[in-house]
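Dear colleague,

Please find below the sequence and structure that I am handing over to you. My account of what was found follows directly after.

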Amino acid sequence: MCIRDSYNLIKKEPEPKVKPPLYHSKFDPLIPPTGSTLGLKTTPVPGVYNLSGSMVLDSSVRLRAEASTFGRPKDSFVETSPKPKTKKSLSPGSRMRASLSPTTIKSMKMRDSIKPPVPKRDEVPIMGLRSSKDFILSNAVDVILASPVKKQDKDVDWLKRDDYGKVPTYLTQVKEHLKEEYEQVRRQQLEEQEQRQSQIRKLTDEEVEELRRSLQAKLEDVTRKYQRRSYLTTFDTLSMLKRKEEYEKEIAFLEKEIEKLNKRYIFVDMRSSANIH
């Protein structure tokens, strides 16, 4: 934080930074390091070089391939005439062009071109073209000679239409679709009803009497067992209390089943022998 006082009113000029001298190594940069493998792929030196750590460059050993940095000198290239291509090295399209005349090739190129060629620099476009056509008079003549447009009658008699008074086709299709669905649902209901009727059987009078006698005997047996314990006012164990409650439930169930047998028609569900209707 800068404190404002009389000493800070005059700005001090920054001291110029003095760059240190550039570093130069005392060793020769052309000498490879000890055990170097750089630049040995295209040289006669195998593996590694300078294993002894010598600080003197051996001029007899060439560590770089010829022209491996900036290429060959400009005057070292020798111009040679290109080899003529044989028919075997040519592509099928080149062989066909070689067999055609220059005029045919030129016509083929003109036919294949889609856009017109770009005008050359020395080609001057034609300037100052004017037309003597009177566009106003021409438009007036076209309008006068044009045939009048036939106007349609605005008063349309909708009663004379071909489809007047007829049911639309889409409504007929919807009705047929709904009718098919109703028929399918009714068939399923009839099949389910037939299946239920085949699983339910009516008991005969002899079967009802035999069932009533068996239920009455079962009720008397359970009532006798229950009455043996009815005099007990206290139950010492939990099992005695539980057995008393089971007897009461069984007696109530048997009384309801016997009361069902007093109906005029008795039906039995064959899927479960315990269901009586």
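**Findings**

Of the 277 residues in the protein, 9% are buried, where buried means under 20% relative accessible area, exposed means over 50%, and partly exposed lies in between (1.4 Å probe, protein chains only). Please note that this is a predicted model, in which local features need pLDDT of at least 70 and side-chain atom pairs count only at pLDDT 80 or more, while totals for chains, interfaces and linings use all residues. Residues are numbered from 1 along each chain as its sequence is written, and side-chain values use heavy atoms, with hydrogens and water left out.

**Overall architecture**

The protein contains 6 helices and 2 strands, and from the N terminus on these elements follow the order α-α-α-α-β-α-α-β. Helices (H or I, at least four residues) and strands (E, at least two) are DSSP runs, numbered from the N terminus. The accessible surface comes to about 27,600 Å², and carbon and sulfur atoms contribute 56% of that area; such areas come from the Shrake-Rupley method with a 1.4 Å probe, and for residues only the protein chains shown count as cover. Among contacts (heavy atoms within 4.5 Å) with a separation of 6 or more, 42% join residues 24 or more positions apart.

**Helix H3**

Helix H3 spans residues 135-145, and because 0 of its 11 residues are buried, H3 lies largely in the open. At the start of H3, the backbone nitrogen of Ile 136 has a side-chain oxygen of Asp 134 within 3.4 Å.

**The nonpolar core**

In soluble globular proteins, nonpolar side chains tend to be buried together. A nonpolar core is a set of buried Ala, Val, Leu, Ile, Met, Phe, Trp, Tyr and Cys residues joined through side-chain atoms within 4.5 Å. The largest such core here has 12 residues, including Leu 203, Val 208, Leu 219, Val 222, Tyr 247, Ile 251 and Val 268. Helices H5 and H6 each supply at least two residues of this core. Leaving aside residues up to four places away in sequence, Ile 251 touches Leu 219, Val 222, Thr 223 and Tyr 226.

**Salt bridges**

Side chains of opposite charge can pair when their charged atoms come close. With a salt bridge taken as a side-chain nitrogen of Lys or Arg within 4 Å of a carboxyl oxygen of Asp or Glu, the whole structure holds 7 salt bridges.

In helix H6 (residues 238-260), Lys 260 and Glu 257 are 3 residues apart, which means a separation of about one helical turn. Their side chains meet in a salt bridge (3.7 Å, N to O). Elsewhere, salt bridges that share partners join Asp 221, Arg 224 and Lys 225 into one network.

Asp 221 and Arg 224 both lie in helix H5 (residues 205-228), 3 residues apart, while Asp 221 and Lys 225 are 4 residues apart in H5, about one turn of the helix. Asp 221 is partly exposed at 27% relative accessibility, as are Arg 224 at 43% and Lys 225 at 35%.

With kind regards

How values were computed. A polar contact is a pair of N or O atoms within 3.5 Å; within protein, one must be able to donate a hydrogen and the other to accept it, and residues adjacent in sequence count only if both atoms are side-chain atoms.
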